[in-house]
Amino acid sequence: MAAYLTGDGRACIDAWSRAHRLALDEGDVERAVKNAFWICFVCSNVGDTAQASGWLARAEKLVGRLGDDSAAAGFVLLPQAVGWLHAGEFGAAERRFAEVAGIAELCRDADLQTLAALGLGQAQVGGGQVLLGMARLDEAMVAVTAGEVSPLVAGLVYCAVIESCHQVFDVQRAQEWTGALVSWCDSQSGLVPFRGQCLVHRAELMQLHGAWPEALAETQRALQRLSHPPGQPSAGDAHYQLGELYRLGGRGQDAEREYRAASEWGRSPQPGLALLRASQGRADAALISLRHALDEDSPALTRFAMYAAVVEVALGAGDVVAARAAADDLRESSAGIDKPLLSALVAQAEGAVLLREGQHRDALSLLRSAWSRWRDLDAPHHAARARVLIGIACRELGDHEKAALEFEAARGVFARLGADPDLAVLDKASGTSPQNPGGLTSREVQVLRLVAEGATNRDIAEQLVISEKTVARHLSNIFAKIDVSSRAAATAYAYQNDLIPST
């Protein structure tokens, strides 16, 4: 167990194999079967599928010497149930996990009880019984937080429950359990499994809440942890999360590199890569990629995000028919899932399509609803994007003053976050690009302000989540535009032109 938790899979398998043989020598078949089960689990995690199959076959053979109500019998049933779960056979998986739960109840085995509750919850969520399934998952988490299970089971349950929260857009639950997982990981010096994945989930929540520099740092930490030992599949999620942060900040080349790395690790680069392609003027290629991705079997969370991406890309390309179809698919596929984040996504997609269809008043109502939900979720970037659409709707209805206020509010958020692509979209949508002195862009004004505050290139890079090379390029452009040759002169220019906010 210690070898597994410190990331040495091979040593773990060797030690558990010795323990298995010793248990057999002592006639402790129950323990021998459990050891074989966990060897099977670890072999699967390190990619030794043949060994995993062999150890499971040995466990199944040995369990025949025991009664059907032994805890070992329950453990041997778990792999088949998990296989059905991954294959989308949620009814069959639920029945098998229920059988395991019955055995666990008789045997009073805490690990088996918790794994059965976890599996039941996942199967029920996958089968559409979301409320019942989440209650089961909470039950599993209570056993974990109460310290009733072994560390390996605790880590498994933490990660699986948080993943299920993401699948059903339950941000509040995901945030609560992610915090608990981080605390659990931090309390165990040297822990390797689970730490990387928990940092990825934490970074996703930071991104949602507008803490982009912190999210970037957390994702980079996650990638470092997931690289040692190599071969951890969650590295794909970390690369994808890096790609998202780079794309949102306008670092297209870096984003593309990370999306490709995610794909190499088996994580779909969509919808992020398609949205990047659309921003590069390749909407047709983006739509083809999204449609192909939607044809594949993918988690509900990813499918919802892809439908929303199709709406965005199609509207950008002027294909209102395709956008309408995607908005309808998003609404229908999410029916029955009452979660604020998903409701906001659906309302914003529908509102954006209605806006382009000329139904401005109906669009405005939905977009305000979306903005309200994003605000309640403390999701500033999503809320600001909704405000851009609200501004367009107000302008079409003749309320130009309200439109200007919405555009101004959105601009402030985008500038604070460093969302350069969104600022460019806003400039085009509003037709009122701010007239900065010297023709400076919003990002260049940010850089100039930091220079005036005495920040070094490294300081600026860290604060704006860009590379030092990019900072240097910005400074070169700034110096050329305002005709100065030093940081001191640039600082004087900033003060002379009121570019330093009053304190």
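This is a predicted model: local features need pLDDT of at least 70, side-chain atom pairs count only at pLDDT 80 or more; totals for chains, interfaces and linings use all residues.
A crossing of two helices is called left-handed if the near helix is turned anticlockwise from the far one by less than a right angle.

Helix H18 covers residues 320–333 and helix H19 covers residues 340–356; their axes come within 9 Å and cross at roughly 155 degrees. Angles over 145 degrees count as roughly antiparallel, and H18 and H19 are therefore roughly antiparallel to each other. On the side of H18, the contact is formed by Val320, Ala323, Arg324, Ala327, Asp328, Leu330 and Arg331. Helix H19 contributes Leu345, Val346, Ala349, Glu350, Val353, Leu354 and Arg356. Sorted by class, the residues of this contact comprise 9 nonpolar and 5 charged, with no polar ones.

The discussion now turns to helices H8 and H9. The axes of H8 (residues 130–145) and H9 (residues 151–167) come within 10 Å and cross at roughly 150 degrees. These two helices are therefore roughly antiparallel to each other, and their crossing is left-handed. Met134, Leu137, Ala140, Met141, Val144 and Thr145 of H8 meet Ala154, Val157, Tyr158, Val161, Ser164 and Cys165 of H9. This contact of H8 with H9 has 10 nonpolar and 2 polar residues, and no charged residues.

A further pair consists of helix H6 (residues 90–107) and helix H7 (residues 110–126), whose axes come within 8 Å and cross at roughly 160 degrees. H6 and H7 are therefore roughly antiparallel to each other, and they too have a left-handed crossing. Among the residues that make the contact are Phe90, Phe97 and Ile103 of H6, together with Leu112, Gly119 and Leu120 of H7. By class, the contact of H6 with H7 consists of 13 nonpolar, 4 polar and 2 charged residues.

Most residues other than glycine have a negative phi, and most peptide bonds are trans. The peptide bond from glutamine 270 to proline 271, however, is cis, with omega near 5 degrees. Proline 271 is placed in the loop between helix H14 (252–264) and helix H15 (272–279). Aspartate 483 is not a glycine, yet this residue has a positive phi of about 60 degrees. The loop that holds aspartate 483 runs between helix H26 (468–482) and helix H27 (487–496).

The final topic is empty space. Rolling a probe the size of a water molecule over the atoms shows where such space is left. The second largest pocket contains about 500 Å³ of space. It is lined by 24 residues, of which Ala415, Arg416, Ser442, Gln446 and Arg449 are the closest to its centre. Which elements give two or more residues to the lining of this pocket? They are helix H12 (212–226), helix H22 (400–417), helix H24 (442–452) and helix H25 (457–464). By class, the lining of the second largest pocket divides into 11 nonpolar, 7 polar and 6 charged residues.

Notes
Residues are numbered from 1 along each chain as its sequence is written. Side-chain values use heavy atoms; hydrogens and water are left out. On a 1 Å grid over the protein atoms alone, a cavity is a set of points where a 1.4 Å probe fits but cannot get out, and a pocket is an open set with protein on both sides within 12 Å along at least five of seven lines; lining residues have an atom within 4 Å of a point. Grid points are joined across faces, edges and corners, and a volume is the space filled by probe spheres set on the points. Helices (H or I, at least four residues) and strands (E, at least two) are DSSP runs, numbered from the N terminus. Ala, Val, Leu, Ile, Met, Phe, Trp, Tyr, Cys and Pro count as nonpolar, Asp, Glu, Lys and Arg as charged, and the others, Gly among them, as polar. Axes are lines fitted to C-alpha atoms, for helices over the stretch in contact, and angles run from 0 to 180 degrees between N-to-C directions. Angles under 35 degrees count as roughly parallel, over 145 as roughly antiparallel, 65 to 115 as roughly perpendicular and the rest as oblique. Contact means heavy atoms within 4.5 Å.
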